[in-house]
Every structure is written in C-alpha cells, then in structure tokens.
Amino acid sequence: MNAQQLLQEISDYCRRTGLAESTFGRRAVNDGKLASRLRHGGRITTETLDRVRSFIANNLNPAARPTVIARTSNLGHDLPAPRPLKAPAIASTADGPDPQRNFRFFDNRQKYLLFVNTCSEKWVVAHRVALELANIHPRPPALRLFDAGVGDGTVLLRVMRAMHDRFPHTPFYIAGKEISLEDVRLAMQKMSDRFTEHPATVLVLTNLAYADAPRLAVKSLSAASSMVWHEVALTGTSAHQFEQQITGLVPFLNQNWKAGVSPKTGNPVYDRPVVLVVYREDHKFLLDPIIPRPGGTTANYDLVIASQPYRARASLEFKATRVIAPLARALGPGGRLIAIHSHGDDPGMEIIQKVWPGENPFIHDRHQILKAVKHELGSAGRDLNFNTYADNRSLFRYDMHTLPSEIQETSSIGTSTLFAAWNAAIYVAQVEDHRVAAAAADGRYLEATSEILHKHGELWLYDESYVISRRRA
C-alpha cells in the first residue's frame with residue numbers, strides 16, 4: 001500500500017465518522033499530524049500501518065467513540081503522547097434527542113429571519129468586528145479577510161463598508177464560508193453596491209468545511225474531483241448592472257449549492273464542494289495576483305470573523321478542533337481572529353429559565369474555549385496570542401427593536417412584540433423545535449415573556465468575544 005492509498009482510506013473513514021484527520025491521527029496512533037506527514041511525503045513503519053488499519057477495522061461504527069490504540073513508534077521516531085482533553089459534560093434533555101446532533105440552530109428560516117430583523121445583533125457584531133481594523137496592517141497585494149459564517153451577509157456587508165472607509169485604495173480579497181443556499185442568495189444580493197464603491201474587490205464564497213475553506217482546497221481526493229469552481233467577471237460600471245449579473249447566478253446556485261444533514265453527526269454537509277469567485281472584469285489586471293485558482297490558495301488572512309460559528313451545546317473538543325483551531329492556523333503575520341458567541345445572563349435567558357428552570361445552554365466560556373484551542377494547536381500556536389480580555393471589553397449588548405411606548409408597566413404588550421421577544425430568546429438559547437412546541441402548547445411562554453418584558457421595560461441580550469492574533473513577522 002502506498003501513501004496515497006492509505007490517505008484515501010483515512011479520508012474516507014473520517015468522512016463517514018465525522019472525525020477530523022488530526023483527531024483520527026491522535027486516536028489511532030497518538031499523532032495528530034499523521035495525515036499531514038503522509039501528505040508531504042512522510043514514511044511510516046509497517047507497525048504504524050498495522051495500527052492504523054486495526055483502528056479503522058475496530059471502529060467502523062461511527063456512533064461509538066473510537067478507542068485509542070497505544071503507540072510505541074510513529075513515522076520512524078517516538079513522540080510524546082498529548083495530554084487528553086477533557087470536555088465538560090454536555091447539557092442534555094431527557095425528553096429529546098442529543099442536542100449535539102442539532103448543531104445548526106437556525107434551520108428554521110422563520111426564526112432566523114425574525115431574529116435578524118427585530119434585533120440589532122448583526123449591527124453590533126459588525127461594529128465590534130470593525131474595531132479590529134485599527135489593529136491590522138495589511139501587506140501587498142491585498143487586505144485578506146475570511147468570514148467563517150457569512151449568513152445573510154449583513155455583518156460582512158457592514159464590515160466591508162468599514163474596510164473601504166479605512167483602506168479606500170487597498171485591494172480586498174474576501175472569502176466566506178456558507179452552506180445555506182438561501183443565505184448565499186441573500187448575501188450576494190447585497191454585494192452589487194460593494195463592487196461599485198470598492199471595485200478592487202475579489203469576493204469568494206464556498207461551502208467547504210472550516211478546515212478546507214480558508215485555502216479553498218479539500219483533502220479528500222473524491223471531493224476534489226467533484227468540486228465545482230465557478231469564476232464570474234462582472235462587466236459594466238454601475239450597481240444596477242452588477243445586480244443583474246449577480247441575480248443571474250441564481251440558477252447556478254440552485255443547481256450546485258445543495259446540502260443535506262449528516263445522519264451520523266446531525267451537521268449540515270454539502271452534496272458537492274463549490275467555490276464561487278466574483279470580481280470586476282475592468283479590474284482583472286490589477287486583481288490577477290489575488291484571484292484564486294483551482295487547486296487551492298494561500299490563507300494568511302489579516303482578519304478572520306467567526307460570529308456564532310458553533311452550537312452552544314456542542315462539545316468543547318468540537319469547538320476547538322473543528323472550528324477555531326483551523327481558523328487560527330489560517331492567520332497571516334499580524335492577522336487577527338475575532339470570535340463571537342452568545343453569553344446569556346440577560347433578560348432573554350430569564351425568559352428561557354421561566355419556562356425551563358435550570359436551563360443553561362452556554363456551557364463553555366471564552367476562557368475554556370481558548371484553553372482547548374491552545375491544547376489543540378500545540379507547537380503551532382507558539383506565535384499566537386490568545387486574548388480573552390476583561391468582561392467590560394469582551395461582553396457587549398444588543399437589543400430588540402421596540403417603540404418607546406410599546407412596553408410599559410401599566411399597559412398590555414402587543415402580540416407581535418411578545419412573539420418577537422420569545423423568538424429572540426429561544427433562537428439565542430438554541431432551543432430545539434420539539435421543546436418549543438411543547439412549551440407553546442399550554443401558552444406559558446407568553447406569560448413568561450410578558451413578565452420579563454414588564455420587569456425590564458425592554459429586551460437585551462449579551463454576546464461574548466475573544467481574539468486570537470498572530471505576531472507580526
């Protein structure tokens with residue numbers, strides 16, 4: 001067996017079981033860099049090969065946690081076994097499925113869109129991200145930004161405006177990951193004005209996984225052979241002309257941007273990997289050095305945005321190894337990754353606890369996550385700074401939009417306001433649909449929502465942020 005055949009077996013196994021290749025390496029032979037070494041020409045002993053094959057054969061059931069096979073040697077030399085990473089127990093419910101199998105908490109488009117349009121979170125997150133622009137120092141040929149969850153494009157749009165204001169004459173390379181077809185449509189519809197104001201822009205959208213998206217290259221040979229790479233050079237000079245051409249991409253997106261849900265992990269997975277590259281034809285000569293080509297590109301991002309990139313109830317290992325660590329590796333010299341997730345301890349959480357006493361979906365704070373990321377990166381994180389900050393800098397508040405007279409102690413609250421507040425609370429707390437339906441059946445959720453709104457006279461919620469930065473060369 002040659003290295004490529006073994007790599008293909010490892011890749012197929014990881015895809016079936018939902019394991020990262022680094023996790024596979026650690027569990028199989030206590031070396032998280034096994035696949036990487038093989039990919040770059042590393043050699044292994046027959047003993048290591050036997051251990052890898054034995055691990056795969058003995059752990060074919062993806063529902064069972066793979067056992068770690070002890071290792072005495074690997075790739076021709078001994079390496080110390082890493083310390084085991086112990087994740088806190090995951091909050092679960094006795095009357096429903098495992099919450100980790102429902103990691104996408106905005107599958108319901110109505111919940112998502114109602115939250116986005118009735119709360120100021122996207123505005124406030126964009127403002128917080130824009131503050132990081134003062135700390136980055138882009139180098140030629142472009143300012144490079146990666147958005148780890150584009151969503152409907154509201155945050156990215158506002159950040160791009162702030163980028164143009166601060167760096168009006170710097171070419172932009174902007175890459176974003178998004179698996180939802182509807183979100184890609186909404187995000188693209190917002191971009192015609194950006195190409196007008198800042199013509200030196202290359203915009204890339206992809207549905208690849210966190211480990212692959214920053215470099216636009218998949219590790220699996222089968223996925224690489226089925227990749228759809230689509231390059232669009234916009235013609236004209238007006239926002240209207242660009243909008244017409246972007247709208248013309250809808251049939252392409254409908255045909256190729258398809259996703260399903262993994263029966264093993266409950267996570268969304270793409271049917272085929274897709275990369276969409278958009279830029280202005282009249283700036284192609286200037287942008288040629290930064291237009292990505294099939295086969296992958298360099299990462300070296302100046303800024304990485306990771307806003308709500310994981311489900312709150314996901315395991316600490318998942319958050320660290322599958323999401324944040326790959327994004328931290330994609331930072332260039334002087335680059336900064338800002339991650340944001342819900343914090344709780346606000347009126348929204350009071351509503352949740354009125355209906356479900358003792359509920360606490362926010363089981364990991366920024367300190368725990370960064371500690372786990374450090375552990376995962378190991379020596380690769382030596383030139384990174386992990387900034388948790390004090391609460392007065394890390395935490396920030398956003399509000400539900402209401403009229404000043406809409407919530408008063410002496411008046412009843414309109415039904416639409418109650419529904420919007422309830423939706424914001426369950427959306428942020430990521431409560432599963434079957435539990436929401438049970439609470440709505442007896443009407444107690446309206447009483448709880450009304451009580452908390454009267455108590456505070458408004459509804460606000462907290463997000464928590466942290467930053468990982470790479471030292472400048």
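Tutor: A cavity is a set of points, on a 1 Å grid over the protein atoms alone, where a 1.4 Å probe fits but cannot get out; its lining residues have an atom within 4 Å of a point. The model here is predicted, so that local features need pLDDT of at least 70 and side-chain atom pairs pLDDT 80 or more, while totals for chains, interfaces and linings use all residues. Residues are numbered from 1 along each chain as its sequence is written, and side-chain values use heavy atoms, without hydrogens or water.

Student: How many cavities of 30 Å³ or more does a search of the whole structure find?

Tutor: The search finds two. A volume is the space filled by probe spheres set on the points, which are joined across faces, edges and corners.

Student: Which residues line the second largest cavity?

Tutor: Its lining consists of Gly344, Asp346, Gly348, Met349, Ile352, Phe362, Ala425, Val428, Ala429 and Leu461. Helices α15 (347-355) and α18 (415-428) each supply at least two of the lining residues; helices are DSSP runs of H or I with at least four residues, and strands are E runs of at least two, numbered from the N terminus. The most comes from α15, with three residues.

Student: How does the lining of the second largest cavity divide by class?

Tutor: There are seven nonpolar residues, two polar and one charged. Asp, Glu, Lys and Arg count as charged; Ala, Val, Leu, Ile, Met, Phe, Trp, Tyr, Cys and Pro as nonpolar; the others, including Gly, as polar. The largest cavity, by contrast, has four nonpolar, five polar and two charged residues in its lining. Among those residues are Arg311, Lys319, His341, His364 and Gln430. Phe362 belongs to both linings.

Student: Is Ala325 buried or exposed?

Tutor: Ala325 has a relative accessible area of 0% and is therefore buried, a term that means under 20% with a 1.4 Å probe and protein chains only. Ala325 lies in helix α14, residues 316-329. Leaving aside neighbours within four places in sequence, Ala325 is in contact (heavy atoms within 4.5 Å) with Ala320, Val373, Glu376 and Leu377. The C-alpha atoms of Ala325 and Tyr210 are separated by 9.3 Å, although the two residues stand 115 apart along the chain.

Student: What percentage of the residues of the protein chain counts as buried?

Tutor: Of its 473 residues, 53% are buried. The protein chain has 20 helices and 12 strands. Among contacts with a separation of 6 or more, 81% join residues 24 or more positions apart.

Definitions and conventions. On a 1 Å grid over the protein atoms alone, a cavity is a set of points where a 1.4 Å probe fits but cannot get out, and a pocket is an open set with protein on both sides within 12 Å along at least five of seven lines; lining residues have an atom within 4 Å of a point. Buried means under 20% relative accessible area, exposed over 50%, partly exposed in between (1.4 Å probe, protein chains only).
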